[in-house]
Amino acid sequence: MALLEVRNLDVRFGLRSGEVQALRDINFSLERGERLGVVGESGAGKSVLGFSILNLLSQPGYIAGGEILFEGQNLAAMSPKQLRSIRGNRISMIFQDPMMTLNPVLTIGQQMVECLLAHRKISRKDARRIALQKLKQVQIPSPETRIDQYPHELSGGMRQRIVIAIGLLMDPDIIIADEPTTALDVTIQAEIMDLMLELCERNSVALILITHDLGIVSQVTRRAMVMYAGRIIEQGPTREIINDAQHPYTQGLMNALPQMAIPGQRLNQIRGSMPPLQNIPTGCAFNPRCDYVLDVCHRELPGFTRSGGCKVACHMVAQMKLEEEAAVHALEVK
Amino acid sequence: MIAFLIKRVVQAIIVMFVISLVSFSIQDNLGDPLRELVGQSVSEAERQELRDEMGLNDPFLVQYARFAKNALQGDLGTSYFFKEPALEVILKKLPATLELVLGATLIIMLLSVPLGVYSAIKPYSLFSRAVMGFSIIGISVPVFLTAIGLIYLFSIELGWMPSFGRGETTQILGFWGSGFFTADGLAHLVLPCISLASIMLPLFIRLIRAEMMEVLQSEYVKFAWAKGLSPRRIYFLHALKNTMLPVITVGGVQIGTMVAYTILTETVFQWPGMGFLFLEAVNRVDTPLIVAYLIVVGAIFVVTNTLVDLIYGLVNPTVKLAGKK
Ligand SMILES: Nc1ncnc2c1ncn2[C@@H]1O[C@H](COP(=O)(O)OP(=O)(O)O)[C@@H](O)[C@H]1O
Ligand code: SF4
Ligand SMILES: [Mg+2]
């Protein structure tokens, strides 16, 4: 049994202007200690996916269907109390902007100790000792001083280290890291990312790494999912996706990577932009931006086609597979 | 801390200077004090002489300098009507007014926080909608109408509550006549305090609700949920503490404003406080008393604001009061 298995997840926002579908057909699984990358442009639904896993969608958002099986238990159908015993304990989350994640009026120590006390029957003193130990693990200098300081007394990088320490406090099974370095100064991004990866590795924590940067995903994850307009349009082994992207959108993301640019030329950005949820085109959501668009793309939502180790949602890929198979079949018949 | 205090004291002095200048300068526009002071029978020549004697014919700045010099020694002039030092007349009425404000403040604090927080947490519940509806009514009904309505219902129709005056008071600290220590005094406080609170309470409920709803959307509250904390801890520690910071600031200003609102309430309830006295002073063109009232109210304003800033600095860790640990 996979550690986490998400089946047919369907998430909606009940907006005043009507209901919009934020996530559809979400299917994936995560093994113990695995690193899974989630990529896509801003607005693809990556953060919504992260919050959905913890069943923590805010107001108009709700899980309209599907299952989130954590060790076989469905988080989508759990009581609030059961959910609380999982959040921050078995599955924790690291947010994007460390300047906003920590409560400005509580000390670092208070924000760490409360988490330990919520999940374990230990004394305040022991909790503080564990908190100090975690601060050391994330390489906060002079943790004894820092623990009694307020967030505003610390730099952004320092705060993200603390958020990581809080994420790791309970030695969880899964960490969902939502763009954990995007808001940080470029000079420290790699350092913080390495620290997080190393700590996850050392504690055999499975990591769901959400990012808009395909480069990072290619460097650090074994499997990856590409999201577009609330759907996973391609998923599979990272190496396959990087070396031989099937979906036109994934190919576009690859070509847009700075590493792929020909010196002196402009980056190959995909033309157009992600449609807003209220206004997703019928058929394939990517069709207005796609160079390979077929007639059927305007009419039908593409299903998932297997291609190597990947699952791809594209009519063009499906047709190519059919033709390939036909050719193979023809050869065999001969 | 010391630096902060010095800064605030300097600010307070400047504000008091401006208040004194303004209140002193309006007295020229309040009509002729001599008409109140002396009868019709006094001749114009005698009036001029009196004016000269009282310094009413001197240039404005000379008059102000004289006023300021005396004011610094605690002398705000002599009430034309009471023939007593104006400041003393006012200060004698101060306890009655401050107790009214204190009572109203207690009502506001005890009700606005739970109601505001509840209606932020459960914005769609029937109770929250009712609270919001009543708060709109509360804001739009004028204080004197509320007061008259309360008197009509609880004093005249039901006969439960006294309708005017302070009732029995006890002397505390030697000079302060308090209504908080006798049943009769407390009964007399109820309706005036409710009337005085009637405008501010809905404002505070709405303010707290709006702040709290915003805070509940913040990333740090989402992070607190993601940590698996109990709703109680999230609402009443993480969210409430951040909600109350701006509310404290606004609250301080409003308490000052409430002192001014007492004029209406005290008049309706014939409450023997400063506001009631002020209205009488205006009718009698008792200029020194009017000026003394304005200065005392200004001082209350400055003091409450300074205190509130101090409290804000103490509870908000992101404000650096030098010397605070
Ligand atoms: N609480 C919400 N109410 C309405 N729409 C939302 C809410 N949260 C996110 N969305 C919408 O869902 C879409 C996906 O958002 P998000 O998951 O934050 O994208 P990403 O993290 O991939 O940049 C966006 O179009 C966003 O506007
Ligand atoms: S389904 Fe059609 S429009 Fe969508 S990516 Fe494939 S080819 Fe392009
Ligand atoms: Mg996001």
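The questions and answers below concern a predicted model with chains A and B.

Q: How many residues of chain B are in contact with chain A?
A: Contacts between the two chains are counted from both sides. Chain A contributes 28 residues. On the side of chain B, the number is 21.

Q: What area do chain A and chain B bury between them, and which residues of chain A lose the most area to chain B?
A: The two chains bury about 2,200 Å² between them. Carbon and sulfur atoms carry 65% of that area. Within chain A, three residues lose the most area to chain B and together make up 26% of what that side buries. These residues are R84(A), V105(A) and E114(A).

Q: Which residue of chain B forms a salt bridge with E114(A)?
A: The rule finds two salt bridges across the interface of chain A and chain B. A salt bridge requires a side-chain nitrogen of Lys or Arg within 4 Å of a carboxyl oxygen of Asp or Glu. For E114(A), the closest N and O atoms of the pair are 2.5 Å apart, and the partner is R233(B).

Q: Which element supplies the largest share of the side of chain A that touches chain B?
A: Between chain A and chain B, 11 residue pairs are in polar contact. On the side of chain A, β6 (91–94), α3 (98–101), α4 (108–119) and α7 (156–168) each supply at least two residues. The largest share is six residues, and it comes from α4(A).

Q: How many residues on the side of chain A that touches chain B are nonpolar, polar and charged?
A: The residues on this side of chain A fall into three classes. The division is 16 nonpolar, nine polar and three charged.

Q: Which residue in β9(A) is the bridge partner of V38(A)?
A: Strand β3 (residues 35–39) of chain A is mostly covered, with four of its five residues buried. β3(A) pairs with strand β8 (residues 206–211) of chain A in the parallel sense over five bridges, and V39(A) stands opposite T211(A) there. β3(A) is also joined by four bridges to strand β9 (residues 223–228) of chain A, again running parallel. In β9(A), the partner of V38(A) is M225(A).

Q: Which residue in β4(A) is the bridge partner of E5(A)?
A: Strand β1 (residues 4–15) of chain A pairs with strand β4 (residues 61–70) of chain A in the antiparallel sense, over eight bridges. In β4(A), the partner of E5(A) is L69(A).

Q: Why does R231(A) count as buried, and which side chain does it join in a polar contact of 3.0 Å?
A: R231(A) is found in strand β10 (residues 231–237) of chain A. R231(A) counts as buried because its relative accessibility is 7%, and the cut-off is under 20%. Not counting residues up to four places away in sequence, R231(A) touches several residues, including R24(A), I26(A), V226(A) and F304(A). The side chain joined to that of R231(A) by the polar contact of 3.0 Å belongs to D25(A).

Q: Why does E266(B) count as buried?
A: E266(B) has its place in helix α10 (residues 231–268) of chain B. Leaving aside neighbours within four places in sequence, E266(B) is in contact with T97(B), L100(B), W271(B), G273(B), M274(B), G275(B) and F276(B). E266(B) counts as buried because its relative accessibility is 0%.

Q: How many helices and strands does chain B have, and what percentage of its residues is buried?
A: The secondary structure of chain B comes to 12 helices and two strands. The C-alpha atoms of chain B fill a box of roughly 85 × 55 × 35 Å along the principal axes. Of the 325 residues in chain B, the buried ones make up 42%.

Key:
Residues numbered from 1 in each chain as written. Chains lettered and ligands numbered in written order. Predicted model: local features only at pLDDT ≥ 70, side-chain atom pairs only at ≥ 80, totals over all residues. Heavy atoms only, no water. Contact = heavy atoms within 4.5 Å. Buried area = accessible area lost by both parts, 1.4 Å probe. Polar contact = N/O pair within 3.5 Å; in protein donor to acceptor, adjacent residues only side chain to side chain. Nonpolar A, V, L, I, M, F, W, Y, C, P; charged D, E, K, R; others polar. Buried < 20%, exposed > 50% of the residue type's maximum accessible area, 1.4 Å probe, protein only. Pairing = 2+ DSSP bridges.
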